[in-house]
Each structure stands twice: as structure tokens, then as C-alpha cells.
Amino acid sequence: MADTSFDILIIGAGPGGYVAAIRAAQLGFKTGVVEREHLGGICLNWGCIPTKALLRSAEIYRYLKHAKDYGLSAEKIGVDTAAIVTRSRAIAKRLSNGVGFLMKKNKITVIDGSAKLTKPGEVQVEGKSAGIYQGKHIIVATGARPRVLPGIEPDKELIWTYFDAMVPKQMPKSLLVIGSGAIGIEFASFYRTLGTEVTVVEVLPQILPIEDEEIALHARKRLEKQGIKFLTDSKVIVVDKQKDQVSAILENNKGAKQSIVAERIISAAGVIGNIENLGLAALGVKTERGVIQIDGYGRTNVAGVYAIGDVAGPPMLAHKAEHEGVVCVEAIKGLKPYPVDKNKIPGCTYCDPQIASVGLTERRAKEGGREVRVGRFPFLGNGKAIALGEDQGLVKTIFDKSTGELLGAHMIGAEVTELIQGFVIAMNCETTEEELLHSIFPHPTLSEMMYESVLDAYGRVIHV
Ligand SMILES: Cc1cc2nc3c(=O)[nH]c(=O)nc-3n(C[C@H](O)[C@H](O)[C@H](O)COP(=O)(O)OP(=O)(O)OC[C@H]3O[C@@H](n4cnc5c(N)ncnc54)[C@H](O)[C@@H]3O)c2cc1C
């Protein structure tokens, strides 16, 4: 007879759920995870990983196109859409299987099916492992799904969500992307690099709306240079589907209308939490604007019920989900983890050029009443960037003028998604400019720009 009673029972095996399960097992809890679809959740199967595989194909294509710049020749460079998609899907599968291995290794019971809370401490599962399961502590980690805009309902053919955009049968000649957040911009970058005409429509005045204004402007200019068209302060108001194309009417904030015809639309207007059909309302679990309300330890307002990851609200990122899972389980154990500090969660967009940030933007720091010192360092002044053939970009740092506290870091350019972690650690250690100025950065590396940006904030920049 299979186990039905657990110390910790987790609903959803995305990065939040499976990492929480592993940490729970490490702490000696008898742990079960219910999953209705695939281990690894959106992140490994339809999010972070398969998109990075696609973007890698686009990146290599871009380099091949510029082979001459590096003294090389490459001829007859082509795009095999089916092979690109096959590679991306194989990588997703490999990682999902890897989670299966980790579950076994940690003696975590995987329960196949769809779960619903029936009363405190009890979950009903429908599907392959149907039955009633007990959990002293139940963690909801059910993730999120694409937000559907009224009148622009995805149909898998002409109007895509990220699911469809990840497995194109062929490259569309033209594409309208609705939404310029990380997901929209990554797809815009992927398709444009491989030759599609791309227009991005954004309802706000700034693309990448949560990023620092200066970085977002830099990104816009670079992406426009690659041929992506942006329509900001604008929204799609009507969509008319034809045989193999869509025409959309857009309206800007002054009421002016224009029509755009594209082969496909990608609707990337955000995601919403999977809070339905979980029995949350009957148990009195508080939800607001489509997500479960939690404290810094994943506790909901109902004892014994916790939530982590996308279903518990923004930023909807895999590393945030994983960290919330660890903190939640450690708090259940009675350890004393630090509560999750949302200001120190990095955000990355893996388009070309890459964008990465942590902490406050310059505007938000000022709005919060801080007097700031801002440092900037351009890629143009960095030897490694020039050697790589990647001399466009910027590293920007923001410090509190009176205390020297590092408030935020914002970057655009090659490999910045790998660099940002240096500043994340610095912020977690409550670093001031003093410690950063005493740190030695290896030469030649892109990381030297982080140092130079700090130097610039204090009037000591060297290489510009
Ligand atoms: C295209 C795209 C690109 C992305 N790129 C990045 C990136 O580069 N970096 C990054 O940090 N984030 C990225 N994200 C976001 C990231 O995927 C999510 O933040 C992350 O997956 C959230 O993890 P989670 O564990 O909260 O939920 P999910 O990964 O969504 O997993 C939830 C799981 O719960 C299961 N489930 C739901 N309801 C039930 C139920 N009732 N019973 C049983 N199982 C259930 C689902 O099947 C799913 O497997 C991207 C997202 C998308 C869509």
C-alpha cells in the first residue's frame, strides 16, 4: 500500500515545489509531492530552460552571421526550425527527468494527479494516484499560467501563448508581441534574430517596465537597431483573425489608432496564479489579485497551509520560488531562516543584449526619499568586452549617498545575467562602497565593469 500520510505534502513539482521537497527531506520530514503534469513545472518544461535553449540557437546564429568579424568564414548558414525546437524540447525533458531522479534519491514520494485541499491536513487527488492524502503541513506550489486578454484569446494557431511560441512549426514572417516584459522581449529577440519581422506593443511608456529607465531605454535602442519595432503607450483593442494572418487595431494613449497585420501574435501580457479548484476559499485561505497571500515564510492565514512560488505572487521567477520553498520548510522545522526579502531578488532577461538587475532602480530609490550616488561604466571601456566583440552595454550602480549602502545594480550587455550575482551577494552582505572598492576583480573579465561602476559613483573611475 502506497504512503498516504506525510509530514509535508506539497502540491506542484515546479522549482518551488521540488526544491521545498528536497529541503524537507534533508531536514528529516516524510515528504510527498503531488504533480498533475510534469516534474519541474513551467520552469523546466515550458519556461526558463526551453527558452534559454531557443535563445542559445539564436545567439549562435548571430555569431555565425558575424563570423567575418572574428576572422572566420561561415557559409550557407540556415535555420532549421524543427531541429531548434527538438533540441529545446530534449533539454526540457532531460531536466524534468533529472527532477525525477532527485525525488528518488531523496526518498520523496511523487503522487501523480491533480490535488485539492479538502480540510486542514487533507488533500484529495484525482488522476493516476487518486486518493485521500494527509499532510501535517501542506504547501501550495501550483504556479501560474498565461493571462488571457479579452478578445485576444489564444487559439494555438494564430494567437499564441508562450507554450505555442516555444514550438513553432516554422518561423513566422511577421509577429506581433503583446507585452514587453521579460517573456515578451525574449521571444521578440529570438524570432527577430532568426529573421522574423517583429513589432512589440506595450501599454506603458517604457519597455521592460520594471527595469531602470536608463537601462530600458538602452535596450530599446539596441533592439530597434536590430529591427524590432516598439509601440509604447499603446494597446491592442481589436483583433481580426484571417486565414493565415491576424490584423490588429492598436490605440495609443492619445486615442490615435493604427492597424498592424502579422502572421502570428504572441500574447505575453503577464501570468496569473493557479489558485482555482484547490479548495482555498472553503478553507478560508486569503487570496488577492489572483495570488495567495503569505508572510515572509510562506505562511498563509490558515494554520498548516503554506504557499510558495508564482502562486504566492510576484516576482514570478524560478529562483524566488525555490528560495521561498527552502525558507518555508526551514521555518516549519523551527530553524530561524531570514524571511524572503523581495528587494534582493535578481531579475534577468536573456535577450540580446542581456539585461539583469537587483534592488532599487534610480527612480524608486529617489521616490523612496534616498539621496543617491550613481555610478556608470560602459562596455566600451572594458578590454574583455572589446576582445569578445561585445563592446556595447552599461553597468549602473546606485548607492545611498550618506551611508554608502548598495541600493541597486542594473546592467545591459553580454553575459550580465551571470555578472549580477556578484551584486546580489554584495547586497545580501549589506555591502557598502567601502568593501566593494577593496575587492579585487580578475583581469581581463567583464566583472571589472562592476568595480569600475562603483569607482565611478565615487569619482574614481579609471578606464573611461
Ligand atoms: C516563457 C517563460 C520563460 C521564463 N523564464 C524564466 C527565467 O529565465 N528565469 C526565471 O527565474 N523564471 C522564468 N520564468 C518563470 C518561471 O518559469 C516561474 O517563475 C517558475 O516556474 C515558478 O515556479 P513554481 O514552482 O512556483 O511553479 P511552476 O513552475 O508553474 O510549477 C507549478 C506546478 O504545479 C503543478 N500543479 C498546478 N496545479 C496543480 C494541482 N492542482 N495538483 C497538482 N499539481 C498542480 C503544475 O503542473 C506545475 O508543474 C519563465 C516563465 C515563462 C512562461
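The model is predicted, so to speak with care, local features need pLDDT of at least 70 and side-chain atom pairs count only at pLDDT 80 or more, while totals for chains, interfaces and linings use all residues. Residues are numbered from 1 along each chain as its sequence is written, and side-chain values use heavy atoms, with hydrogens and water left out.

The ligand sits in a shell of 39 residues (a heavy atom within 4 Å of it), and the closest are Gly-16, Glu-35, Lys-52, Asp-310 and Ala-318. By class, that shell splits into 20 nonpolar, 14 polar and 5 charged residues (Ala, Val, Leu, Ile, Met, Phe, Trp, Tyr, Cys and Pro are nonpolar; Asp, Glu, Lys and Arg charged; the others, Gly among them, polar). Helices (H or I, at least four residues) and strands (E, at least two) are DSSP runs, numbered from the N terminus.

As for polar contacts (N or O pairs within 3.5 Å), a ligand nitrogen lies 3.2 Å from a backbone N or O atom of Arg-36, and a side-chain polar atom of His-319 is 3.3 Å from a ligand oxygen. The protein covers 95% of the 1,000 Å² of accessible area that the ligand has on its own (Shrake-Rupley, 1.4 Å probe).

Glu-362 belongs to helix α10 (residues 362–367). Beyond neighbours within four places in sequence, its contacts (heavy atoms within 4.5 Å) include Asp-212, Arg-376 and Lys-396.

Key
Polar contact = N/O pair within 3.5 Å; in protein donor to acceptor, adjacent residues only side chain to side chain.
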